[in-house]
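Here are some exercises on helix packing and sheet order. Try each task before you read its solution.

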Amino acid sequence: MRAIVQDEYGPPHMLSLGEVPIPTPGADEVLIRVHAAGVDYGVWHVMTGLPLIGRLGFGLRRPRNRVPGMDVAGVVESVGAKVTAFRPGDEVYGAATGTYAQFALARPGKLARKPVNLSFIEAAAVPVSGVTALRAVGQVTAGEKVLVIGAGGGVGSFATQLAVAGGAHVTAVCSTAKADLARSLGAQAVIDYTREPLTGTYDLIIDIAGNRPLAMLRGLLTERGRLAIVGGEGGGRWFGALGRALAVRLITPFTRRRLQAPIALTRTADLDTLRDLIEAGTVRPAVGRTYTLAEAPTAVGDLAAGNAPGKLVITVD
């Protein structure tokens, strides 16, 4: 089968289109014929091997999984003997291993039925980013003021919509090029970080892949406000955003404000929740650009550059 392969860590040009065997599902695995796959920062981290501590899971000297990719939307090709939740022909979406390929393996607990009102391309934009946004937003109440930093990206576009759906007044922080997207998703106000500073006071701040000092963000919270740190591309080669997440956990016991760095693992229950919201018309994926499988290196490079609005998606089959 055709697949994007990587044999050593490095920049996007380390990714190349090649041929690898079709994987065989184990007893508790599902083989998916991939139609589309999302592009997220997890792919970038595995590609570069950064932060270095991540190589304990990625592979010490080279990527443990030659084929990158996690977000997936496609059709079940076959299932293992112990799988009862899905059968061949089912249209699914979720998280799998090595989705930048014509076929990929997944655990049933990381898949769900694809929303009926989404194409495969749209569905592939949902799993990782949508579940992460669910965890970051949590429960909001009508009238709360929410600041979404990075509202024009994959996670941010979902976080904006989820907060708006909860009745919150959302201020989106993004670049000039992504301001119109943020407004179209329901943000009542937009701060262009390239032109103006962050101001105001908020009940919830969601900082996505940012590097602003925690003290500054805490200063924008109400007395009992909440701060959710999602990702972050700073912090050095060894620990990256993990250092910021650790700082959040160390500070939390000493403040009335609720600080968190949620870890979002894609699970069927969350995918079902997102599907219900999508089919009800409450939330929609914001697909910014699509790429062919051969263009996957360009897609990951565009993600890292931060220039493309919304979620980037690779079309496979």
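Two exercises with worked solutions follow.

The model is predicted, so local features need pLDDT of at least 70 and side-chain atom pairs pLDDT 80 or more, while totals for chains, interfaces and linings use all residues. Residues are numbered from 1 along each chain as its sequence is written, and side-chain values use heavy atoms, without hydrogens and water.

**Exercise 1.** Work out how helix 1 and helix 11 pack, and which residues make the contact.

*Step 1.* Helix 1 (residues 41–48) and helix 11 (residues 296–305) meet at about 105°, with axes 10 Å apart. Helices (H or I, at least four residues) and strands (E, at least two) are DSSP runs numbered from the N terminus; axes are lines fitted to C-alpha atoms, for helices over the stretch in contact, and angles run from 0 to 180 degrees between N-to-C directions.

*Step 2.* Helix 1 is therefore roughly perpendicular to helix 11 (65 to 115 degrees).

*Step 3.* Tyr41, Val43, Trp44 and Met47 of helix 1 touch Val300, Leu303 and Ala304 of helix 11 (heavy atoms within 4.5 Å).

**Exercise 2.** Find the strand order of the six-stranded open sheet, and which strands stand at its edges.

*Step 1.* The order is 10-9-8-11-12-13, with parallel pairing (at least two DSSP bridges between two strands).

*Step 2.* Strand 10 (189–192) and strand 13 (258–260) each have a single partner strand, so one side of each lacks a neighbour in the sheet.

*Step 3.* From one strand to the next, the twist averages 15°.

*Step 4.* Helix 4 (residues 127–137) packs on the sheet, touching strands 11, 12 and 13, and its direction makes about 150° with that of strand 11.

Definitions and conventions: Parallel < 35°, antiparallel > 145°, perpendicular 65-115°, else oblique.
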